[in-house]
Amino acid sequence: MVSDRLTNLPEAQREAVRAAMTAAFGSVPIDTVSPVPGGVSGAFVYRIGAGGRRYVVRMEGAVSPLRNPYQYGSMRIAAEAGIAPRVHYVDEVAGVAVMDFIADKPLELYPGGPSALVRALGQMLQRLQATPRFGRFLDYPDVVSRLWRHVCSKELFAPGVLDAHNRRLVDLESRYVWNPDHSVSSHNDILPRNLLFDGKRLWLIDWESAYCNDPVVDMATMLDNFAPTDELEDELLRAWLGHPPDDVLRDRLAIIRALSRLFYAGVQFSAVAAGPLRVPDTNLAAPTLAELRQALRDGKLAPDALETRLVLGKMYLAAFFTDERPPGLPPPISAFRLACVPTAPTIS
């Protein structure tokens, strides 16, 4: 029987956790309950101690109109392949899952340093893309375009400020060529906050964006978040492919990397648009990553402030336009408890 350790949770979440744990483990009593901070998806995540083991219960937050119906099936496939933590229970209708808890260590402690880390990442992606194919959802340029249209509709920026970026998006969409029948299982959000290192190996978590996709999408995100030098980029690509990439693949990567940067700019701007009404911005100037970190250390920006997300959005937007490397979200930025979008954006 589930103990009264859940009484400190909001009632709706308490009952969801109770039902999930009972379905997964029957009468095993719950010993500890603690929230897991740091996510930006709007989900409610708890670490649960029960029967001498630790688990994670994850509950979806506000349901987006663009909700991916394949996330739980994808997570199960990835768990069976040893890429995601073991899944004990899923209720797709309620949006609740129970998984093994992974006690993670900083990625900076990965044995062999950044070079070994990117090799392990490339091999993990190779394994993921070899699993039974996830369900098909939307083409990646369509996802990016829908989110960007949503951002533009919110009047965060003054008229004309984003015109050049809109033209670049149209140009990239016209140059993107891909046969969806060649898509593979994809996580579609491989950021440092979604990667756990348990001291021995890596795990991927948060599968809400997972569906079959162009294989280059996950690699584009990996390159921008884990390979800040040309040398590390080459190592990551070799580990993924088993050989150096040709010019055709590099050209496709350049297009997808630009689209990925616009996507993450859109994620940040959407959060800002869901906050208090703002005067339309006329300034797209973006700091460097070093300048951003200094501003946070000096207290000029707060880790949990929407203003920080606005700055991050501008940094990604600059990278989208110039093809320079974006800031990525390495620690400590990935550990920030950034404000979540309080309501899901309507994207049509």
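These legends go with several close-up views of one predicted protein model. Residues are numbered from 1 along each chain as its sequence is written. Because the model is predicted, local features need pLDDT of at least 70 and side-chain atom pairs count only at pLDDT 80 or more, while totals for chains, interfaces and linings use all residues; side-chain values use heavy atoms, with hydrogens and water left out.

Figure 1. Helices (H or I, at least four residues) and strands (E, at least two) are DSSP runs, numbered from the N terminus. Along the principal axes, the C-alpha atoms fill a box of roughly 60 × 50 × 40 Å. The radius of gyration, taken over C-alpha atoms, can be set beside a globule rule of 2.2 Å times the number of residues to the power 0.38. For 348 residues, a compact globule would come out near 20 Å, and the protein's 20 Å agrees with that. Buried residues make up 49% of the 348 residues. Here, buried means under 20% relative accessible area, exposed means over 50%, and partly exposed lies in between (1.4 Å probe, protein chains only).

**Figure 2. The largest cavity and the residues around it.** Picture a 1 Å grid over the protein atoms alone: a cavity is a set of points where a 1.4 Å probe fits but cannot get out, and lining residues have an atom within 4 Å of a point. Grid points are joined across faces, edges and corners, and a volume is the space filled by probe spheres set on the points. By this rule there is one cavity of 30 Å³ or more, and the largest cavity has a volume of about 70 Å³. Its lining includes R136, Y140, W178, C212 and D214. Helix α4 (140–153) and strand β9 (211–213) each supply at least two lining residues. Sorted by class, the lining has seven nonpolar, two polar and three charged residues. In this sorting, Ala, Val, Leu, Ile, Met, Phe, Trp, Tyr, Cys and Pro count as nonpolar, Asp, Glu, Lys and Arg as charged, and the others, Gly among them, as polar.

**Figure 3. Two of the nine aromatic pairs.** Rings of Phe, Tyr and Trp (its six-membered ring) pair if their centres lie within 6.5 Å; planes under 30 degrees apart count as stacked, over 60 as edge-to-face and the rest as tilted. The structure holds nine such pairs. In one of them, the ring centres of Y110 and F197 are 5.1 Å apart and the planes meet at 55°, so this pair is tilted. Y110 sits in the loop between β5 (96–100) and α3 (113–129), and F197 sits in strand β7 (residues 195–197), so the pair ties together parts that are 87 residues apart in sequence. Y110 and F197 are both buried. Now look at F134 and W207: their ring centres are 6.3 Å apart with planes at 80°, so this pair is edge-to-face. F134 is in the loop between α3 and α4 and W207 in the loop between β8 (202–204) and β9, so here parts 73 residues apart in sequence are tied together. F134 is buried, with a relative accessible area of 4%, and W207 is buried with a value of 4%.

**Figure 4. An aromatic cluster, and two arginines over rings.** Y140, F263, Y264 and Y316 form one aromatic cluster. A charge sits over a ring if NZ of Lys or CZ of Arg is within 6 Å of the ring centre and within 35 degrees of the ring normal. R168 lies over the face of F320, at 5.3 Å from the ring centre. R201 lies over the face of W203, at 3.5 Å from the ring centre.

**Figure 5. E155 and D323, two residues with a positive phi.** Most residues other than glycine have a negative phi. E155 is not a glycine, yet its phi is about 55°. You will find E155 in the loop between α4 and α5 (163–175), where it is exposed, with a relative accessible area of 56%. D323, again not a glycine, has a phi of about 70°. D323 belongs to the segment after α10 (306–322) and counts as partly exposed at 45% relative accessibility.

**Figure 6. V184 and V36, each with a distance to another residue.** V184 is part of strand β6 (residues 184–186) and counts as buried at 17% relative accessibility. Its C-alpha atom is separated by 8.2 Å from that of T131, 53 residues apart along the chain. V36 is in the loop between β1 (30–35) and β2 (44–50) and counts as partly exposed at 35% relative accessibility. The C-alpha atoms of V36 and L259, 223 residues apart along the chain, are separated by 30 Å.

Key. On a 1 Å grid over the protein atoms alone, a cavity is a set of points where a 1.4 Å probe fits but cannot get out, and a pocket is an open set with protein on both sides within 12 Å along at least five of seven lines; lining residues have an atom within 4 Å of a point.
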